[in-house]
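Reader: Please take a close look at one part of this model, the charged pairs. Then set that part in its surroundings.

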Amino acid sequence: MASVESPNLISLQYPTHTEKRAERALCCSPFNLKLFVTMSSQSVGLKSIASDAGLKNSYTGSVVSELAAENYLLWLIQVGVLRREVDGQGITDSFRLTPLGHQLVKKYAGKGNWPQSGIGDRLDNLIDRWFRLPI
């Protein structure tokens, strides 16, 4: 198990398979590291991520529809990287990093972007998403 250390976060340990699955999901996602670096300090709304706004903000490498972006963000919630922001009226359309997400962003922040995912990683991620296998 690996641990995460952050000034505002409690040290947490995650099973290696949980970290690898989350990292694979990030590498296979349509989102650039810049989105998650932004999420490390503030919540980001879906409208800033999807469509032309995501491309303009350098959060995506190509235009991603709002439905596709939300579906992938929900997958990242399931693997433990993101959480939905909540306000006084309930759940919002904004997202923030979890402690696991902070750990992975910290790991790749100096490298510019996620590593390229291979066909095996993409296939594993697709199977995990399709069957929504438990962590």
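Author: Accessible areas here come from the Shrake-Rupley method with a 1.4 Å probe. On that basis, the accessible surface of the protein chain comes to about 7,600 Å². Carbon and sulfur atoms hold 54% of that surface. Keep in mind that this is a predicted model.

The protein chain has 135 residues, and 39% of them are buried. Its secondary structure amounts to 7 helices and 5 strands. Read from the N terminus, the order is β-β-α-α-β-α-α-α-β-β-α-α. Take the contacts with a separation of 6 or more: 58% of them join residues 24 or more positions apart.

Now the charged pairs. Side chains of opposite charge can pair when their charged atoms come close. This structure holds 6 salt bridges. Among them is the pair of K107 and E23, at 3.1 Å from N to O. K107 sits in helix 6 (residues 99–108) and E23 in helix 1 (residues 16–28). The two are 84 residues apart, so this pair links distant parts of the chain. K107 is partly exposed, with a relative accessible area of 44%. E23 has 18%. The cut-off for buried is under 20%, so E23 counts as buried.

Helix 1 also carries R24. The side chain of R24 meets that of D128 in a salt bridge of 2.7 Å, N to O. D128 lies in helix 7 (residues 119–131). The pair therefore ties together parts that are 104 residues apart in sequence. Both partners are buried: D128 has a relative accessible area of 10%, and R24 has 18%.

R84 is in strand 4 (residues 82–87), E70 in helix 5 (residues 66–78), and 14 residues separate them. R84 is partly exposed at 22% relative accessible area. E70 is partly exposed too, at 24%.

Next, the nonpolar setting. In soluble globular proteins, nonpolar side chains tend to be buried together. The largest nonpolar core has 32 residues. The members that touch the most others are F31, F36, M39, I49, L76, V81 and L82. Several elements supply at least two core residues each, including helix 1, helix 5 and helix 6. M39 shows the reach of one core member. Apart from neighbours within four places in sequence, M39 is in contact with V44, I49, L73, L82, F95, R96 and L97.

Return to helix 7, which holds D128. Helix 7 also holds L123. L123 is partly exposed, at 48% relative accessible area. L123, L126, I127, W130 and F131 make a nonpolar surface patch of about 590 Å². I119 belongs to helix 7 as well. I119 is exposed, with a relative accessible area of 74%. The C-alpha atom of I119 is 9.8 Å from that of C28, though 91 residues separate the two along the chain.

How values were computed:
Residues are numbered from 1 along each chain as its sequence is written. This is a predicted model: local features need pLDDT of at least 70, side-chain atom pairs count only at pLDDT 80 or more; totals for chains, interfaces and linings use all residues. Side-chain values use heavy atoms; hydrogens and water are left out. A salt bridge is a side-chain nitrogen of Lys or Arg within 4 Å of a carboxyl oxygen of Asp or Glu. Helices (H or I, at least four residues) and strands (E, at least two) are DSSP runs, numbered from the N terminus. Buried means under 20% relative accessible area, exposed over 50%, partly exposed in between (1.4 Å probe, protein chains only). A nonpolar core is a set of buried Ala, Val, Leu, Ile, Met, Phe, Trp, Tyr and Cys residues joined through side-chain atoms within 4.5 Å. Contact means heavy atoms within 4.5 Å. Patches are made of residues with over 30% relative accessible area and no salt bridge: like charges are joined within 9 Å, nonpolar side chains (Val, Leu, Ile, Met, Phe, Trp, Tyr) within 5 Å.
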